[in-house]
Amino acid sequence: MLSRVYCASTVGVDAKIIDVETHHTNGMVKFFLVGLPDRAVKESRDRVEAAIRNTGSYYPLGRITANLAPADLPKEGNGFDLPLAIGILNMSGQIHTDKLDDTVMLGELALDGKIRPVKGVLPVAVEAAKKGFKYLVVPKENGGEAAVVEGIGVFPFEHLNQVKDWLENRGNIDPLKSNVQEYFHQNGKHNPLDFSDVRGQENVKRALEIAAAGGHNVIMVGPPGSGKTMMARRIPTILPPLTLEEALETTKIHSVSGILESGKALITKRQFRSPHHTVSDVALVGGGSIPMPGEISMAHNGVLFLDELPEFKRSALEVMRQPLEDGSVSISRARMSVTYPSRVMLVASMNPSPSGDWYDPQEMNGTSSMQMQRYLSKISGPLLDRIDLHIEVHKVSYEELSGKAKGESSKDIRERVVEARKVQSNRFMGMKGVYCNAQMSTRTVRKVCKLDDAGSSILKKAITSLGLSARAYDRILKVSRTVADLDHSEAIKSNHVAEAIQYRSLDREGWLG
């Protein structure tokens, strides 16, 4: 009286195959669920019993023991209902099938036997295909998400009885097929946001183009109404399109978090996340008793925008330092340790002072230089070191606002960015975890970013006069390399270095804007 059904549980953005073993003996009516289940899994006992009875099957009396193996891995979520129900039906002789050894299944059961959607289906599909399973049974709403994985037949169902019929080969049911290229084609449709809407600010657009081309972090400093947020929201429109590998990585994070849009199979657009400045440390980088991804992981392969940076809690900003450097977040708890990817382009904005104005020596009652310095000091030096480009944003003149001339479109800027990224892809071919200039290690920087005598002289003067850190030195070299890539230059020239240095304005002693 023993049955084995395969399910899966997510750990971080990956999944582990779980053996759901069901055993029945005579005795007092009892149901024991073992194997470190959380409360949601424990409550499946009552849902499973009601679903079995309400679908015309009988629930066996006696002592039922369900074991979720491996026993030392914590199990959480609502996806164990369906495998538990199938295990009980198979154990009691109500299902006769030879498919269970080749099938992974998951789904939440309603009391009437309907199958409700669950989160984390994409990582489960990837793991099941990797382990050599032939079939994956999922709720109907999760079918498209699972079908993007090749090498496994995906069967989405709405009701427990449909799963029983499929297991016993009643009816002719084909696996769900997915056209991945169609998802990317849909991504090419018109985006309502475009850089052509931005009037003036040509120097800022140039800096953002450099940031997009090299994947660099950037901060914009300027008064309210100067267009900082407007331009930040348009950065995803000039970033290169996602590759299939990046799309799968991003979708896995959203799937595990349970925020993947209903019916959406694959995320093909770079994400833009803009948390409010009251966000907590855990919400920003991830965590909790059962670790979940934070905003920095939700923005993986996209843009994390922090509007009015000094208003964020200092502790929340400081916990970002390691994820920004490593491209991943490691969260350790007593019961488990997980790692979430966090390879983002950080875009921040801030006013130059609490009042929002620049220091003006002609204005007696205006913002003082001390107020500006005090406001900037809310951001720690180590965090500023991790931001490659510091951009000063000034108010747009009336002539620029009222002029009829349109700015350069996102499409034109994006073409140059894509060309620069192609150069970088060829340069870093074979290097694991390095896809753009911003991700270069110190050793790679020394190898790739070699300067001529003129460039070295300019950089030496800047380092000496500004008192830059070793990390800032590397950042200047990386940005110089990106400027050279946009210029179609194999060598880094002095003008490339000079342009990169001018984007370190916040490092200047006595900076006043």
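I began with the surface: the protein has about 23,300 Å² of accessible surface, and 49% of that belongs to carbon and sulfur atoms. Such areas come from the Shrake-Rupley method with a 1.4 Å probe; for residues, only the protein chains shown count as cover.

I noted the ground rules next. This is a predicted model, where local features need pLDDT of at least 70 and side-chain atom pairs count only at pLDDT 80 or more, while totals for chains, interfaces and linings use all residues. Residues are numbered from 1 along each chain as its sequence is written, and side-chain values use heavy atoms, with hydrogens and water left out.

**Overall build**

I looked up the extent: the C-alpha trace spans about 90 × 45 × 40 Å along its principal axes. I found 22 helices and 18 strands. These are DSSP runs numbered from the N terminus, helices being H or I of at least four residues and strands E of at least two. Of the 513 residues, 54% are buried. Buried means under 20% relative accessible area, exposed over 50%, and partly exposed in between, with a 1.4 Å probe and protein chains only.

I checked contacts (heavy atoms within 4.5 Å). Among those between residues at least 6 apart in sequence, 75% join residues at least 24 apart.

I also looked at charge. The 65 positive and 61 negative charges have mean positions 2 Å apart. Lys and Arg count as positive, Asp and Glu as negative; His and the chain ends are not counted. Each charge is placed at NZ of Lys, CZ of Arg, CG of Asp or CD of Glu.

**Ser 297**

I found Ser 297 in helix H12, residues 295-298. Its relative accessible area is 1%, so Ser 297 is buried. Setting aside residues up to four places away in sequence, Ser 297 touches Ile 253, Val 329, Tyr 340, Pro 341 and Ser 342.

**Asp 102**

I traced Asp 102 to the loop between helix H3 (81-91) and strand E5 (103-105). Asp 102 is partly exposed, at 25% relative accessible area. Beyond its neighbours within four places in sequence, Asp 102 contacts Phe 133, Lys 134 and Tyr 135. I also logged Leu 136: 34 residues from Asp 102 in sequence, with 8.7 Å between the C-alpha atoms.

**Cysteines**

I searched for disulfides (pairs of cysteine sulfur atoms within 2.5 Å) and found zero. Cys 436 is buried at 4% relative accessible area, and Cys 449 is buried at 5%.
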